[in-house]
Amino acid sequence: MNKNVVIGVASGIAAYKTLDLIKLLKKEGVNCIVVMTKAATQMVNPSEFKRATGNKVYTELFEKDFNYKKILKLQKVDHIDLADKADVFVIAPATANTIAKIANGFADDFLTTTLLAATCPVIICPSMNPNMYNNPTVVENLSKLRKLGYIIIKPASGMLACGYEGIGRLADLENIKVEIMKQLDKTNSLTSKRILITAGGTREKIDDVRYITNSSSGKMGAALADECYLRGADITIYKSASSVNPRYLIKSEIFETKDDLESLIKSNVKNFDVVIQCAAVSDFIPEKKVGKIASTKSQTLILRPHTKIIDTIKKLNPKVKLVAFKAYWEKTAHELIDKSDATIFNDISKKDVGLESDYNEVEVVTKDSVEKITKAPKAEIAKKIIDFLVVQKILT
């Protein structure tokens, strides 16, 4: 593969697990280079990482033989050279201290100095005591890093070395490896495409404090946005406030009602080449009452059918490629929705797929072909959907 992954090791007790992460990456043909904080060397001897990687382990900004004249002559600085080589930079484990340094731009050791010079994707894998992980300053620092585009892999829950049980264990090594490989496998196949994805469920007010909504989590839309991002597309996601966020830093706008979403689409649809309408839009609008309806007696709720957003997109931008999701209950005929270039059907009567689930199974219909995608995690479903849409020339 000839790809370089720089692995930063901070002083969490989980540092020994990083040796196994290196083994997983080497099986994929990845060249691993380790940078350790000084405190981390008290957890694992650098010689173990040297044996595991076959590479020099970096621990000090200024080694014993440091000579500035040599730097000036060769015009080579180790931490800059290493940052330039990195195709992906991962910190596992990332302690609260290291996270705080990165979030605030500190560069006082080899790890933070190298990271500050890196321009590749950066993956942060927190590992610490549950009380530390939930401390407001740590929460704020991780939030800041997400907004800056760092990829945060949430720690797992379980028994920790400190004797506490809760969230804070280093994430599963296979999950970390998968994310690293995703970043290494990023392509530019969709780099010229401007894609809009809608995600999550709308909600419509019954009165000034109550509303009707649906159980859409936005997970499928977020997974599609992530997959398109990994292929280099210019992605925008319109999402409900309650829906999950994409893993990556993707432009977003928030909607609440069907009218909010429709207004966003009307104002901006001409700026996109493809629209993937994944949001669960309310089919009905209640006759809203002013104030708060009294709870002392029964009420009759009148629901009136909404116009369909899907019917307006092609009118607003005839050139746009339109992919429409269609939720159905049990058996139904799967026919291409009028005006869409592809229709994706998912059966929401099944409790283990769709809407709130992490899994899905879908059938993708175009005018020329039908593709059935069996049950899998939504990230895998998203990959297969995008693969199929590329083959069908809807995304090319």
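Me: Strands are DSSP runs of at least two residues, helices are runs of at least four, and both are numbered from the N terminus. Where is the place of Lys339?

Reply: This is a predicted model. In it, Lys339 sits in the loop between E16 and strand E17 (342-347).

Me: What phi does Lys339 have?

Reply: Lys339 has a positive phi of about 80°, although it is not a glycine. Most residues other than glycine have a negative phi.

Me: What makes Lys339 partly exposed?

Reply: Partly exposed covers the range between under 20% (buried) and over 50% (exposed). The relative accessible area of Lys339 is 33%, so Lys339 is partly exposed.

Me: Where is the place of Leu355, and why is Leu355 called partly exposed?

Reply: Leu355 is found in the loop between E17 and strand E18 (359-365). Its phi is positive, about 25°, though Leu355 is not a glycine.

Me: Which residues does the cis peptide bond join?

Reply: The bond joins Ala92 and Pro93, with omega about 0°. Pro93 belongs to strand E3. Most peptide bonds are trans.

Me: How many aromatic pairs does the structure hold?

Reply: There are two aromatic pairs. A pair of aromatic rings is described by the distance of the centres and the angle of the planes.

Me: Why is the pair of Tyr58 and Phe110 called stacked?

Reply: The ring centres must lie within 6.5 Å for a pair, and the planes must be under 30 degrees apart for stacking. Here the centres are 5.0 Å apart and the planes stand at 25°, so the pair is stacked.

Me: What does the pair of Tyr58 and Phe110 tie together?

Reply: Tyr58 is in the loop between helix H2 (46-53) and helix H3 (68-74), while Phe110 is in helix H6, so the pair ties together parts that are 52 residues apart in sequence. Both Tyr58 and Phe110 are buried.

Me: What makes the pair of Tyr229 and Tyr248 stacked?

Reply: The centres of the two rings are 4.8 Å apart and the planes are at 20°, so the pair is stacked. Tyr229 is in helix H10 (residues 219-230) and Tyr248 in the loop between strand E11 (234-240) and strand E12 (251-255), so placed that the pair links distant parts of the chain, 19 residues apart.

Me: How do you know whether Tyr248 is buried or exposed?

Reply: Buried means under 20% relative accessible area. Tyr248 has 5%, so Tyr248 counts as buried. Tyr229 has a relative accessible area of 27%, so Tyr229 is partly exposed.

Me: Why is helix H5 (residues 96-103) said to be largely enclosed by the rest of the structure?

Reply: Six of the eight residues of H5 are buried, so the helix is largely enclosed by the rest of the structure. The buried ones are Ala96, Thr98, Ile99, Lys101, Ile102 and Ala103. They pack against strand E3 (88-94), H6, strand E4 (122-126), helix H7 (130-133) and H8. Just after H5, Gly105 takes a positive phi of about 75°.

Me: Which residues touch the most other members of the largest nonpolar core?

Reply: That core has 65 residues, and Ile176, Ile195, Leu224 and Ile385 touch the most other members. A second, separate core of 29 residues includes Tyr58, Phe110, Ala118 and Tyr133. In soluble globular proteins, nonpolar side chains tend to be buried together.

Me: What lines the largest cavity?

Reply: A cavity is space where a 1.4 Å probe fits but cannot get out. The largest cavity has a volume of about 30 Å³, and its lining consists of Ile102, Phe106, Thr112, Leu115, Leu116 and Tyr150. Helix H6 (residues 110-117) gives the most to this lining, three residues. By type, the lining residues divide into five nonpolar, one polar and no charged.

Me: What is the space in the largest pocket, and which residues are the closest to its centre?

Reply: About 1800 Å³ lies in the largest pocket. Of its 44 lining residues, Glu179, Lys182, Asp226, Arg247 and Ala379 are the closest to the centre. The lining divides into 20 nonpolar, five polar and 19 charged residues.

Me: How do the residues of the lining of the second largest pocket divide?

Reply: They divide into 16 nonpolar, 16 polar and six charged. This pocket holds about 850 Å³ of space. The largest share of its lining, four residues, comes from E16.

How values were computed
Residues are numbered from 1 along each chain as its sequence is written. This is a predicted model: local features need pLDDT of at least 70, side-chain atom pairs count only at pLDDT 80 or more; totals for chains, interfaces and linings use all residues. Side-chain values use heavy atoms; hydrogens and water are left out. On a 1 Å grid over the protein atoms alone, a cavity is a set of points where a 1.4 Å probe fits but cannot get out, and a pocket is an open set with protein on both sides within 12 Å along at least five of seven lines; lining residues have an atom within 4 Å of a point. Grid points are joined across faces, edges and corners, and a volume is the space filled by probe spheres set on the points. Ala, Val, Leu, Ile, Met, Phe, Trp, Tyr, Cys and Pro count as nonpolar, Asp, Glu, Lys and Arg as charged, and the others, Gly among them, as polar. A nonpolar core is a set of buried Ala, Val, Leu, Ile, Met, Phe, Trp, Tyr and Cys residues joined through side-chain atoms within 4.5 Å. Buried means under 20% relative accessible area, exposed over 50%, partly exposed in between (1.4 Å probe, protein chains only). Rings of Phe, Tyr and Trp (its six-membered ring) pair if their centres lie within 6.5 Å; planes under 30 degrees apart count as stacked, over 60 as edge-to-face and the rest as tilted. Contact means heavy atoms within 4.5 Å.
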